[in-house]
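Hello,

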Amino acid sequence: MENIEIINLWKQYDEKLEKSLSLNQKIITELQQQKAKNALRPARNYKIFAVFFGVLYAAMIVYFMFYLKPYASIFFKVSVGIHLLVIVIAIAMYIRQIVLISEIDNSQNVIQMQQKLACLRVSTVNAIAVCFLQFPVFSTWNITFRMINETPLNFWLIQMPIVALFTFAGIWLFRNVDIKNMDKKWFKIMFYGVEWSSIIKSGKFLKEIESFEKN
């Protein structure tokens, strides 16, 4: 009889222990999730500011282009047009990233949070990569037909090599600024600000949940 009572007591103890461990795991998971969400706030604030500034900057470009259009060369117009297009694309990508952060905030599932965070990382990197595509326009806006006709040597020996260099740099950066290179030294130098560091910090909190659940 005593043995049966002891066995029952052990069973009750095991059940209580299991419930306690399950509750502790749930609390720790929820705490880490909240830390991950909070860690993204600096990135969200940065992106909101970037969108606000980007819209103002794009509006300023349109305003000046409207008044400069009769006097500007075709090279200037095309260069500024490409620059404006890239800015608009970057703004759209940043708005999408703000939406992703909002979806992470509203998510209760760790896997969903990890998926959204992965999309956020990729989108953040791609937005920077797209911006590098406009590199060549910084070396073409000053070109005019007068320059080509009156100073052909300067145009072909100085201006065009600069354009080629900027074009090569822009294409190389666009192709190599990729999430797969995030462990490389030059990538870490480029992505070091509050925007990127808060995303990485959030990912570390989610990884801690995954490690805890496995153990």
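Here is what I found, going from the whole chain to single residues.

This is a predicted model, in which local features need pLDDT of at least 70 and side-chain atom pairs count only at pLDDT 80 or more, while totals for chains, interfaces and linings use all residues. Residues are numbered from 1 along each chain as its sequence is written, and side-chain values use heavy atoms, with hydrogens and water left out.

**The chain as a whole**

The chain holds 8 helices and 0 strands; helices (H or I, at least four residues) and strands (E, at least two) are DSSP runs, numbered from the N terminus. Read from the N terminus, the order of elements is α-α-α-α-α-α-α-α. Of its 215 residues, 30% count as buried, where buried means under 20% relative accessible area, exposed over 50% and partly exposed in between, with a 1.4 Å probe and protein chains only. Among contacts (heavy atoms within 4.5 Å) between residues at least 6 apart in sequence, 77% join residues at least 24 apart.

**How the helices pack**

Let me start with α2 and α3. Their axes come within 9 Å and cross at roughly 155°; axes are lines fitted to C-alpha atoms, for helices over the stretch in contact, and angles run from 0 to 180 degrees between N-to-C directions. α2 and α3 are therefore roughly antiparallel to each other. For that wording, angles under 35 degrees count as roughly parallel, over 145 as roughly antiparallel, 65 to 115 as roughly perpendicular and the rest as oblique. The crossing of these two helices is left-handed, a word used if the near helix is turned anticlockwise from the far one by less than a right angle, with right-handed used if clockwise.

Helix α3 (residues 74-106) also packs with α4: the axes come within 9 Å and cross at roughly 165°. This pair, too, is therefore roughly antiparallel, and α3 passes α4 in a left-handed crossing. On the α3 side, the residues that meet α4 include Val86, Ile89, Met93, Tyr94 and Gln97. Among their counterparts in α4 are Met113, Leu117, Leu120, Thr124 and Ile128.

**Aromatic rings**

A pair of aromatic rings is described by the distance of the centres and the angle of the planes. Rings of Phe, Tyr and Trp (its six-membered ring) pair if their centres lie within 6.5 Å; planes under 30 degrees apart count as stacked, over 60 as edge-to-face and the rest as tilted. By this rule the count comes to 13 aromatic pairs. In one of them, the ring centres of Phe135 and Phe166 are 6.2 Å apart and the planes stand at 50°, so the pair is tilted. Phe135 sits in the loop between α4 (110-131) and α5 (145-150), and Phe166 in helix α6 (residues 152-176), so the pair ties together parts that are 31 residues apart in sequence. Phe135 is partly exposed at 25% relative accessibility, and Phe166 is partly exposed as well, at 30%.

Elsewhere, Tyr63, Phe64, Phe66 and Tyr67 form one aromatic cluster. Also worth a look is Lys47, which lies over the face of Tyr94 at 4.8 Å from the ring centre; a charge sits over a ring if NZ of Lys or CZ of Arg is within 6 Å of the ring centre and within 35 degrees of the ring normal.

- Thr124, in helix α4, is buried at 1% relative accessibility. Leaving out residues up to four places away in sequence, Thr124 touches Lys47, Gln97, Phe191, Glu195, Trp196 and Ile199.
- His83 belongs to helix α3 and is buried, with a relative accessible area of 11%. Beyond four places in sequence, His83 touches Tyr57, Ile61, Gln134, Val137 and Phe138.
- Val163 is found in helix α6 and counts as buried at 11% relative accessibility. Val163 and Pro136 are 27 residues apart in sequence and 5.9 Å apart in space, C-alpha to C-alpha.
- Val62 lies in helix α2 (residues 41-68) and is partly exposed, with a relative accessible area of 46%.
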